[in-house]
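I opened this entry to look up how the chains meet one another, and I take the interfaces one at a time.

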Amino acid sequence: MIQEKIVSKRFGKVNPLSIDSYIKYDGYKGLEKAVSNHPTQVIDEIEKSRIRGRGGAGFPAHIKARALANASGPKFIVCNGDEGEPGNFKDRMLMENDPHAIVEGMVIMAYATGAKKGYVYIRGEYQNAIKIMKATIQAAEEKGFLGENILNKGFDFKLEVRSGAGSYVVGEEFSMIESIEGKPGRSRVKPPFPTDKGIHDRPTLINNVETFVNFPYIVLVGGEEFAKVGTASSTGTKLISLSGNVKNKGLYEVPFGTSIRDVIFQLGKGVRNNKPIKMVQLGGASGPIIPEYMLDMSIDFDRFENFDSKTGTGAIIVIDDRYDIFDVLLINMKFFVHQSCGKCAPCREGHIQIVNLLNKFKTHRATEKDLMSLENLAKVIQQTSLCGLGQTSMTSIISSLRYFRDDYFAKVRY
Amino acid sequence: MVNLKINNIDVQVEENTTILEAARRNHIDIPTLCNYPDLSIKSECRVCVVEIDGQKKLPTSCSTIVREGMVVNTNSPKVLNARKTIIELILANHDANCTACPKNLNCELQALANKLGIDKNRFPTVLEVQPVDDHNPVLVRNINRCIKCGRCIDMCKNVQSMGVLDVMGRSKDSKITPAYGKYLSDEFCTYCGQCSSVCPVGAIIEKDDTDRVWEALNNPSLHVIVQVAPAVRVSLGEEVGMAPGSIVTEKVVAALKYLGFDAVFDTDFTADLTIIEEGNELIERVTNGGTLPMMTSCCPGWINFAEQKYPEILDHISTCKSPQQMFGALAKSYYAEKMNIKPEDLFVVSIMPCTAKKYEAQRKEMRIDNINPDVDVVLTTRELGKMIRQMGINFEDIQEIPFDKPFGITTGAAAIFGATGGVMEAALRTVYEVVNKEELQDINFTQVRGTDGIKEAEVVLGGQKVKVAVAHTLANAKILCEQVKAGTSPYTFIEIMTCPGGCIGGGGQPYGTTNAVREKRIEATYNVDEDMPIRKSHENPDIIALYDEYLLKPLGKKSHHLLHTHYSSRNK
Amino acid sequence: MMLLKEILSKYPQDPEYLIEILLDYQTSKKTHYISAEDVSRISQHLDIPESQICSVISFYTLLSMEPKGRYVVQICHDVPCFVNDAANIYEVLVELLGISEGETTPDNLFTLEITECLGCCNESPAMRVNNQVYTNLTPAKVEKIISDLRGEVK
């Protein structure tokens, strides 16, 4: 069995719209245990678990939590359910299949940090998830897991669902904060970081949906036990959104350290019609494109860091040899042309020029100079953009220039 | 203190200093584009990026705070390449037909491209040409030149509380426009022109009226006269490279004579007249239970603001026309009669630090014959600078000439109209002495001077203590207006100026107006006042003569016809 | 369709709720858009400039200042759908509806749009019609969906 189910263990076993069904299946046990301890102990366990954020960047969860706990005055917790990275559907599946686990994770974090208000920000395209999360919050309030004097422990936490309205960049922390404040999702200058100045300039903690779902489990089994699964640098399991030309597309949960090849072939049952794999894109549109020979790479944040991207979302998009690398790159880059917020110059003006250059390759009009231009521009966008969008959007270009360089030369006119 | 290395030089700066400030203080130049002193740090253009040891990314120096031991390189090949690439990207989406742009050689983008050695662009243009907004008498918006630096939005939304402009759309399609992509209009824009004063390129600019003035000057059948606003004499020098705060009063007169004006007059004269009319109006309101607090009326941006946003409080605003319009009305009546010129043969030009004055001059209320404008053309300080350069005048060395008569004598009270608090101080100098019938011990009302957003003072008038207030910028005006609207205003008299610092910081003043420059112009303004032999409007002998000869009495019938106006709501 | 007044009364009078208000109100309208008149009223209610509201509406793709068809058909075109025949499904839609991207049918029934990933890559290709998501699309399935929607109106 290559799968190991921690965060998806209740999928299909609980009725997502029934809090009783959740409670029967260990629901809110993590919270009960958490509130029987001192808040700092909760963060200590999270630190021991060495869990890293599941939104893509893989930032250690305890650092943010501790920063928020140490902040005084009003502060906020946000669950990032703005899953906009193409190829990902894990957060939607979590919200639709086990919504109380998200609420439980957030309440635990509220207890640990002293935040009294939280938001679940869900992309507007996920209407079903929005409905379910709203109902879930109401049910949790009715049962005393949310609201005032939670579990008679004298702490309050209010939770609100916020709907996105169609913007990928809002998945970036500061863009999301702007959006929660009712504004366009244009990022802010960092530092200060959200845990210093977030929503309405108050300290704000933002975690991915999957990260929150891990917290009740960590509290229940203890951080050390949690860390036994996975690798030294990446503990626990990872939800993998497997899509593209595989036979069995779907959501899988595997321990960190599992190889990409095993996910594709053992869980996904290989490529449809047994066609050869031309390329695999990891993470989503902002992730690297790798060739078949790299598939033995294991799923691990440290490995992913080489790509400077949000590879860690866990998306694996398999593309067979019917497709051209430039088709895929152009879709990615048109996506970013559309999704750039327009605030900073390299991102706003750069992506359109990248598309122009790629079109030259696609149509055999490129010169060697264009190749240099593309390489230079991709690096400048990556190095100088204001927020995570422009800093990661070039990953597929940069990786393709490394692993598929021959494809470029094949299109150059001499 | 924090120790760091910039370009291998050991540097020590205070904590919380940005890399940009640290570099500049140590004479290391880092180019910037979206950055503007006194406005928020936007970090949008990314031109000021630097390399910091141990970081892969190139952070912006304008927003990054120094840390102990930091090693910064502001000019590494990586940095220079990134900067150049970014400017090329911006130029590829910019109408870069520089010689067809009024900002040619005065454009921050052009200067930066030149500095970075850009003589060609690796990127093809992606500009999608869009219509130019020139449907109002004041400002021209050409978004084909806009580089989306966001300075104008910051000015309009945060400094002026207006929010006329914002970013519409996103990514390459984003553009800075009014709501619904509409054209600017007097329904929602005050025409303060502060956007145009901070625009680094030629995307927002005042409507150029110099051609109309050249045409008038070249028309032998016209008698062309000009008035010069108080704030122009402390700023025009900057247009020809003189230091901020240079006092050039009589050089302006000489230059205007050189340009061919038949007579050159001082708006200070009608500023004195304003004080007499407005001071008497205040006294009348106080004694006869009129609407209080009374608010000043000389700032056209403020009048637009009040008519749009606070129609409920229009009764509070003095009915006095602004000095510009008092001059226009007197020119086309008193002066025309005196000189035996038909009003239609008289062409009146104003030199103003202000863009909103262009709109004011075109108002229907500002026509004493109900047909022709009293002031025919308004030029900004910048436009006069342009005419001076066009004529190749050696401004700095020009032989100084005094203003013409019959409006020849002016006072220090009028001179300070240009600085925030100046109208209030000038009014108090007169009102105090008229009401209390005693001479002021100290005529300097220093409480109402300076650049605080809202200033307060107390004065004893007729044995009663009254409070007065002064506000500049519309965000501060809004605070006082809300009080007036709610009936909780503790003041008897309020001065409001739209632009930061008052008219010396007007939207039509030379480019590069920052708080530091404003301070210099303010200092010069009070120096002009100090040097005047007469410093109270009611002691101006020419004003006294004008009443004796023509107007007869303040608030009288003639005054009412020529010097007063009314306001109407423009609230949708 | 709910009145704007009713929608406004559901939310705190705080600009923080602008996006929620806009989405809620737009969803309640058959024409799926926020008119200039709506903007002006919301601006007064929340005491924020109209330009700021226009800025928000024009930033988010799910908000519109132009009227749309009763059914807004959004087909995903991102890589996971693209490699699963999404381009062909788009062509089928173009043929069925007689319009291309960004257009509305003359009877104001359908607007065709290309959307970003709908998070249904496990069942690609996918599309969304108003708030309903349809997955594992085939030409035949798309034809049925469109004809069912047409039937609904009659």
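**Chain A against chain B**

I began with this pair and found that 31 residues of chain A are in contact with 31 residues of chain B. I keep in mind throughout that the model is a predicted one.

I then looked up the buried area, which comes to about 2700 Å² between chain A and chain B, with 54% of it on carbon and sulfur atoms.

Next I turned to the pairings across the interface: the count of salt bridges between chain A and chain B is zero, while the count of residue pairs in polar contact, both at pLDDT 80 or more, is 16.

I asked myself which elements of chain A give two or more residues to the side that touches chain B. They are H13, helix H14 (345–362) and helix H15 (368–384) of chain A, and H14(A) gives the most, with eight residues. Sorting the residues of this side by kind, I have eleven nonpolar, 15 polar and five charged.

**Chain A against chain C**

For the second pair I looked up the contacts again, and here 53 residues of chain A are in contact with 31 residues of chain C. The area buried between chain A and chain C is about 3400 Å², of which 56% lies on carbon and sulfur atoms. I noted that Glu125(A), Ala165(A) and Ile331(A) supply 18% of what chain A buries against chain C, more than any other three residues.

How many salt bridges does the rule find across the interface of chain A and chain C? I recorded one, and the partners are Arg162(A) and Glu16(C), whose closest N and O atoms are 2.7 Å apart. I also wrote down 22 residue pairs in polar contact across the interface of chain A and chain C, both residues of a pair being at pLDDT 80 or more.

The elements of chain A that give two or more residues to the side touching chain C include helices as well as strands: helix H5 (90–97), helix H8 (173–180) and helix H13 (325–339) are listed, together with strand S2 (117–122), strand S3 (158–163), strand S5 (237–244) and strand S9 (315–320). Of these, H13(A) gives the most, with seven residues. By kind, the residues of this side of chain A divide into 19 nonpolar, 21 polar and 13 charged.

Technical notes:
Residues are numbered from 1 along each chain as its sequence is written. Chains are lettered from A and ligands numbered from 1 in the order in which they are written. This is a predicted model: local features need pLDDT of at least 70, side-chain atom pairs count only at pLDDT 80 or more; totals for chains, interfaces and linings use all residues. Side-chain values use heavy atoms; hydrogens and water are left out. Contact means heavy atoms within 4.5 Å. Buried area is the accessible area (1.4 Å probe) that two parts lose on being put together, summed over both. A salt bridge is a side-chain nitrogen of Lys or Arg within 4 Å of a carboxyl oxygen of Asp or Glu. A polar contact is a pair of N or O atoms within 3.5 Å; within protein, one must be able to donate a hydrogen and the other to accept it, and residues adjacent in sequence count only if both atoms are side-chain atoms. Helices (H or I, at least four residues) and strands (E, at least two) are DSSP runs, numbered from the N terminus. Ala, Val, Leu, Ile, Met, Phe, Trp, Tyr, Cys and Pro count as nonpolar, Asp, Glu, Lys and Arg as charged, and the others, Gly among them, as polar.
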